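This report covers aromatic side chains and nonpolar packing in one protein model. The sequence and structure come first.

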Amino acid sequence: MKKFLSFLFISLLTLGINAQINPVISPPPNIKTVVLQPLKPDSYAPIVQLGERLILSFDDINASENIYSYKIEHCDYNWQRSNLASTEYMTGYSTDRIRNYQNSFNTLQYYTHYELQIPNENNRILISGNYLISVLDEAGQVLFTRRFIVFQPKVQVGVTAHRSTDARTISEKHSIQFKINHQNLLLNDPYREIKVDVYQNYDWNSVIKDVKPKYVRGNELWYNYVDALAYWAGNEYLYFDTKEIRNATNNVFKTRLDNIFNTYLYANEARGRFPYSFYPDVNGNFVLRTLDATDVSVEGDYSLVHFSLRYDQNIDQDDVYVYGSYNDWQITPDNKMIFNPDTGYYETRMLFKQGFYNYTYVAVNSDFRINPYKIEGSFYQTENEYAVLVYYRKFGDRYDQVIGLGSTNSKRLLN
């Protein structure tokens, strides 16, 4: 267990980015399809403005109607529990039962579906910041955790995406620049009071932390570094859709019924050696949906989805993982692929609820560093979402506020 936790910690040293302690505990095998996202349509990242709502849902495939509770904790900039008392960051109960649960029906895979809105009639969040929600079993032990961010807009953030100006990576990287306008906020020392995090596709592992302004001009902080904030553009995400779980659809080779449904995807080729090809995607996210029923939350069925990848250039013998937001961007034994010498493919299978899912393949080396482009390549044409979160902590404050959010899409490259 100790080795595994160390593995999760080190895996956050991705893309040459500053390390941070990973507060996430992955769910046990019986907990599936954990969703934490805003109630607003077409919103996937668990980032909301103060006063807006998030929904947390998950399924327990033991289907035993266990009593689960949750706990909400305020965290500092580095995702460590802050020193605030719960009454300082929320009203009502910071720990409470999850009262909304229901058994599935008309499904081959039985499960109990749990659902919770944050905030709700029993609590309300008072301040901005990083938050951690933990789901607890009947004994009060933590089953799993998820991060979310609450911001209160006090500054304006303008973000732009560019092609890299480095001739060596001009066809492979995006460079991010932004400006913070704080005309309604007095800053005494912006280099110490302001911290900025940058994300690619809201992937927790992609964060570039504690970016300092290059220039301070009146009420504006400029972060117009030429290539200091550069990301490998990667490739468009692959996808599969099991909304018609009994039939083969796009990217599904065949389905088979064996106690539960089995979904076999077409074998993928490592795309790094091929030219760029456009795939419409949702930047690694997923949407639960079904054509077989009206309420996917309790009528959506599960299938074992079979992945296979031809990757002949793995000279370094890196480990290969199926990667996406379906498991909160985590690297775990569940999404590790195993090389099958009989077929010549890397293979794995995982249980997914009906829906539309994005995924990609990443390599993880012996130092537990994630390489997001080694298998799938990196192309400047790739469409990515880039987000900038602004944190503020003036001298004497006891917590880090989140005071701004800005974003842009690389479909609008400015060079």
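## Charges over rings

In this predicted model, Arg 310 sits over the face of Tyr 345, 4.3 Å from the ring centre.

## Aromatic pairs and cluster

The count of aromatic pairs comes to 31. In one of them, the ring centres of Tyr 231 and Tyr 386 are 5.5 Å apart and the planes meet at 45°, so the pair is tilted. Tyr 231 belongs to strand E17 (residues 230-232) and Tyr 386 to strand E29 (residues 385-392); the pair links distant parts of the chain, 155 residues apart.

Tyr 231 counts as buried because its relative accessibility is 2%, under the 20% cut-off. Tyr 386 is also buried, with a relative accessible area of 0%.

One aromatic cluster is formed by Phe 240, Phe 286, Phe 307, Tyr 326, Phe 352, Tyr 357, Tyr 359 and Tyr 361.

## Nonpolar core

The largest nonpolar core holds 26 residues, and Phe 58, Ile 133 and Phe 148 have the most contacts inside it. At least two core residues come from each of strands E1 (31-38), E3 (54-60), E4 (69-75), E8 (112-118), E10 (129-136) and E11 (142-151). Strand E11 gives the most, with four residues.

Leaving aside residues up to four places away in sequence, Phe 58 touches Ile 31, Lys 32, Thr 33, Val 34, Tyr 68, Ile 98, Thr 112, His 113, Tyr 114, Val 135 and Phe 144.

Key
Residues numbered from 1 in each chain as written. Predicted model: local features only at pLDDT ≥ 70, side-chain atom pairs only at ≥ 80, totals over all residues. Heavy atoms only, no water. Core = buried A, V, L, I, M, F, W, Y, C linked by side-chain atoms within 4.5 Å. Buried < 20%, exposed > 50% of the residue type's maximum accessible area, 1.4 Å probe, protein only. Contact = heavy atoms within 4.5 Å. Phe/Tyr/Trp six-rings, centres within 6.5 Å; stacked < 30°, edge-to-face > 60°. Lys NZ or Arg CZ within 6 Å of the ring centre and 35° of its normal.
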